[in-house]
Amino acid sequence: MAAASSKKRWLPLEANPDVMNQFVWGLGVPEGEVEFNDVYGLDEELLEMVPKPVLAVLLLYPYTSQNEAEKKAEEEEVKESQKKEVSEKVYFLKQTVGNACGTIGLLHAIGNLTSEIKLVEGSYLDRFFKSTANMDPFERAVFLEKDVEMEDAHSVAATAGDTEASSNVDEHYICFTCVDGKLYQLDGMKSQPLCLGPSSPTSLLQDAAAVIKAFIERNPDSVNFNVMALSKKA
């Protein structure tokens with residue numbers, strides 16, 4: 001996964017809905033409220049199979065920071081996003097711990113849904129979001145880096161998948177969410193949230209899929225893509 005500014009490195013999280021679900025349920029997300037599901041393809045027919053409503057989307061993609069085309073595209077995204085006003089309601093934190101992007105993606109997903117999801121009172125996530133509510137993204141990163149409870153929970157989740165965990169991987173997680181009628185791309189390796197334009201809770205999955213298609217087009221030879229949707233359970 002992507003490099004980070006801290007020397008601390010965690011094991012990466014497997015892109016597995018079962019792993020993600022057990023992880024967030026154990027941290028204080030009510031099991032009966034939401035769950036992660038695989039998104040098997042980005043065409044309309046396969047998107048229709050994803051349980052609705054979709055509250056957030058996680059993308060795991062090959063992190064090729066030396067790819068000039070990708071770097072140029074990212075720079076253009078940042079420039080375009082800076083022209084748009086980022087809502088103060090967007091919860092965002094920087095990544096400073098190596099391989100922590102999966103957990104940060106989950107925190108971005110849940111952190112922007114605290115009005116939709118009633119976290120278990122006194123649970124880890126309830127305490128985490130209350131403690132970091134008034135921090136900036138860098139202060140939140142420091143808080144997470146020093147948080148032994150989360151580090152332990154992440155370690156358990158990282159060893160719960162079907163594949164053997166290794167700290168040497170070249171994939172990276174990011175989150176897509178809708179806040180105040182705008183689609184945001186939340187990537188802890190960037191300096192700020194990227195506002196990608198209008199969206200809505202009903203179009204979030206399709207809007208995120210359109211952006212993800214562009215990621216795939218920039219890496220046409222790679223099969224190392226995985227998309228998961230966080231859906232509200234009926």
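Me: Which residue in β5 does K182 stand opposite?

Reply: This is a predicted model, in which local features need pLDDT of at least 70, side-chain atom pairs count only at pLDDT 80 or more, and totals for chains, interfaces and linings use all residues. Residues are numbered from 1 along each chain as its sequence is written, and side-chain values rest on heavy atoms, with hydrogens and water left out. Strands (E, at least two residues) and helices (H or I, at least four) are DSSP runs numbered from the N terminus. β4 and strand β5 (residues 194–198) run antiparallel, joined by 3 bridges, and the residue in β5 opposite K182 is P198.

Me: Is P198 buried or exposed?

Reply: P198 lies in strand β5. Buried means under 20% relative accessible area, exposed over 50%, and partly exposed in between (1.4 Å probe, protein chains only). Because its relative accessible area is 71%, P198 counts as exposed.

Me: Which residues is P198 in contact with, leaving aside its neighbours within four places in sequence?

Reply: Contact means heavy atoms within 4.5 Å. With its neighbours within four places set aside, P198 is in contact with G181, K182, L183 and D207.

Me: In β4, which residue is the bridge partner of F176?

Reply: Two strands pair if DSSP finds at least two bridges between them. Strand β3 (residues 171–179) and β4 meet this in the antiparallel sense, over 5 bridges. In β4, the bridge partner of F176 is Q185.

Me: How many of the residues of β4 are buried?

Reply: Strand β4 covers residues 182–186 and pairs antiparallel with β3. β4 is also joined to β5, by 3 bridges. The strand is mostly covered, and of its 5 residues the number buried is 4.

Me: What is the phi of D180?

Reply: Most residues other than glycine have a negative phi. D180 lies in the loop between β3 and β4, which form a hairpin with 2 residues between them. D180 is not a glycine, yet its phi is positive, near 50°.

Me: Is N99 buried or exposed?

Reply: N99 sits in the loop between α3 (68–82) and α4 (101–111). Its phi is positive, about 65°, although N99 is not a glycine. Since its relative accessible area is 0%, N99 is buried.

Me: What is the omega of the peptide bond that joins K52 and P53?

Reply: Most peptide bonds are trans. P53 lies in the loop between α2 (44–47) and β2 (54–62). The bond joining K52 and P53 is cis, with an omega of about 0°.

Me: Which residues in α1 are buried?

Reply: Helix α1 (residues 17–27) has 8 of its 11 residues buried, so it is largely enclosed by the rest of the structure. At its start, a side-chain oxygen of N16 reaches to within 2.9 Å of the backbone nitrogen of D18, and after the helix comes G28, with a positive phi near 125°. The buried residues in α1 are P17, V19, M20, N21, F23, V24, W25 and L27.

Me: How many disulfides does the structure hold?

Reply: A disulfide is a pair of cysteine sulfur atoms within 2.5 Å. C101 is buried, with a relative accessible area of 2%, and C175 counts as buried at 0%. The number of disulfides in the structure is 0.

Terms used:
Polar contact = N/O pair within 3.5 Å; in protein donor to acceptor, adjacent residues only side chain to side chain.
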